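Here's a quick tour of one protein chain. Take a look at the sequence and the 3D structure, then read on.

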Amino acid sequence: MIAQPYQLYIERIDAARNMARYYAMSIEPTLFGQACLVRRWGRIGAGGQRLVQYFQYEKEAVDLFLAFLRQKRSRGYRLKPHPGPKWLPDW
């Protein structure tokens, strides 16, 4: 069971380079009590891509979540308020 919710939505916008990207992550429980890290990314306004990784323990998912957060922050992504379900693409 997941001890606390982990959700993240970040964006990287650079008008000079015609760049408008988003990156979203969440850690969710599976039906079998394991944790999965769900990652979504792409151009803002587009459907983008999705990847789900399964872990035996929540700590493994949290460690990878934090590693991706550090990597994206170093590349210029910045935190944005979560836009809510109506703004997210249908995954």
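Let's start with a term: a residue is called buried when under 20% of its relative accessible area is left, exposed when over 50% is, and partly exposed in between (1.4 Å probe, protein chains only). Keep in mind that this is a predicted model, where local features need pLDDT of at least 70, side-chain atom pairs count only at pLDDT 80 or more, and totals for chains, interfaces and linings use all residues. Residues are numbered from 1 along each chain as its sequence is written, and side-chain values use heavy atoms, with hydrogens and water left out.

**The overall picture**

- The chain has one helix and five strands; helices (H or I, at least four residues) and strands (E, at least two) are DSSP runs, numbered from the N terminus.
- Going from the N terminus, the elements run β-β-β-β-α-β.
- Of the 91 residues in the chain, 36% are buried.

**The sheet**

- The five strands make an open sheet, ordered β4-β3-β2-β1-β5, with antiparallel pairing.
- At the edges stand β4 (49-55) and β5 (78-79), each with a single partner strand, so one side of each has no neighbour in the sheet.
- Strands β1 (residues 6-14) and β2 (residues 19-29) pair in the antiparallel sense over nine bridges; two strands count as paired if DSSP finds at least two bridges between them.
- One of the bridges links Y6 to its partner I27 in β2.

**The helix on the sheet**

- Helix α1 (residues 58-74) packs on the sheet and touches β1, β2, β3 (35-43), β4 and β5; touching here is contact, meaning heavy atoms within 4.5 Å.
- The direction of α1 makes about 170 degrees with that of β2, using lines fitted to C-alpha atoms (for helices, over the stretch in contact) and angles from 0 to 180 degrees between N-to-C directions.
- Just after α1, G76 takes a positive phi of about 105 degrees.

- Which residues of α1 are buried? They are E58, A61, V62, F65, F68 and K72.
- Seen down the axis of α1, these buried residues fall within an arc of 130 degrees, so they line one face of the helix; the arc is that of the directions from the helix axis to the C-beta atoms.
- The cover over the buried residues of α1 includes β1, β2, β3 and β4.
- On the face turned away from the buried side, α1 carries the exposed residues K59, R70 and S74.
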